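Please walk me through this structure, beginning with the contacts of the ligand and ending with the geometry of the chain.

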Amino acid sequence: MTRSTQAIGIFGGTFDPVHYGHLRAALEAMEMLQLQDFRLLPAGTPPHRANTFASADHRLAMLKLALSRYPELQVDDREVRREGSSFMVETLGEIRREAGDVPILMMIGQDAANVLDQWHEWHRLFDLTHLVIMRRPESKHVYSSTLFEQMQRRLVNNPAQLQNSAAGLILPLEVTQLAISSTGIRRQIHAGLSPRFLLPDPVIDYIYEQGLYA
Ligand code: ATP
């Protein structure tokens, strides 16, 4: 197992399918946080969603196609390879064991941050990772009081602060806000409309070849 010596950025999602909203946010976060190790991590069987539309293998294949020309953005396929449901806290625990004491920065959108306290063992997340909350179109902070208290206590505004400790801080980060969602893309395809220019062409070709979301 390779041991990291530098901070690791993790951007988890269902990526059902991956689109330019994800990709642009990932690229900007990677650059602004000066991360050399930045991984998009597709959820295997997401515990917080009723189901996904495309299988984990298809979602992984689409992500790899989207990133094939951008090796600086890596794919971490551990959740897809793992059997059964995958909780982020377990995944992060595994990455932490591999990486040692380096800062881990988990990116999440504002919509995901709003319901963080519904995640499995969410308090433990802060022992394992920093949180980077990427602002998303029309998203608002709507935190429960427990979550709000955690947010206040851990909030920092300077990305450099995340380099001084391995975990436990929260940084809000403004990224270009593209009003694109996987839900919208699935609906368009289902309705026979073109999703062109919302996601990379090789991903669109794959979706049609495989008959996904039809
Ligand atoms: P769905 O519409 O199926 O809920 P989604 O488009 O929100 O999907 P996810 O795979 O659920 O995509 O999102 C993964 C992560 O990417 C989440 O943290 C989410 O907030 C963030 N994200 C999704 N869309 C965008 C976007 N347009 N800009 C920035 N971040 C985004």
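A polar backbone atom of L178 lies 2.8 Å from a nitrogen atom of the ligand; a polar contact here is a pair of N or O atoms within 3.5 Å. The protein covers 90% of the 600 Å² of accessible area that the ligand has on its own, with areas taken from the Shrake-Rupley method and a 1.4 Å probe. The model is predicted: local features need pLDDT of at least 70, side-chain atom pairs count only at pLDDT 80 or more, and totals for chains, interfaces and linings use all residues. Residues are numbered from 1 along each chain as its sequence is written, and side-chain values use heavy atoms, leaving out hydrogens and water.

Oxygen atoms of the ligand also meet the backbone. One is 2.8 Å from a backbone N or O atom of G109, and an oxygen atom is 3.0 Å from a polar backbone atom of T14.

The shell around the ligand holds 20 residues, and the closest are H22, G109, D111, L178 and T183; a residue is included if one of its heavy atoms lies within 4 Å. By type, the shell divides into 6 nonpolar, 10 polar and 4 charged residues. Asp, Glu, Lys and Arg count as charged, Ala, Val, Leu, Ile, Met, Phe, Trp, Tyr, Cys and Pro as nonpolar, and the others, Gly among them, as polar.

The loop between β1 and α1 contains F15 and P17. F15 has a positive phi of about 50° although it is not a glycine. D16 and P17 are joined by a cis peptide bond, with omega about 0°. Helices (H or I, at least four residues) and strands (E, at least two) are DSSP runs, numbered from the N terminus.

How do helices α2 and α9 cross? The axes of α2 (residues 56–67) and α9 (residues 201–210) come within 8 Å and cross at roughly 150°, on a scale from 0 to 180 degrees between N-to-C directions, with axes fitted to C-alpha atoms over the stretch in contact. Therefore α2 is roughly antiparallel to α9, a term for angles over 145 degrees.

Technical notes:
Polar contact = N/O pair within 3.5 Å; in protein donor to acceptor, adjacent residues only side chain to side chain. Parallel < 35°, antiparallel > 145°, perpendicular 65-115°, else oblique.
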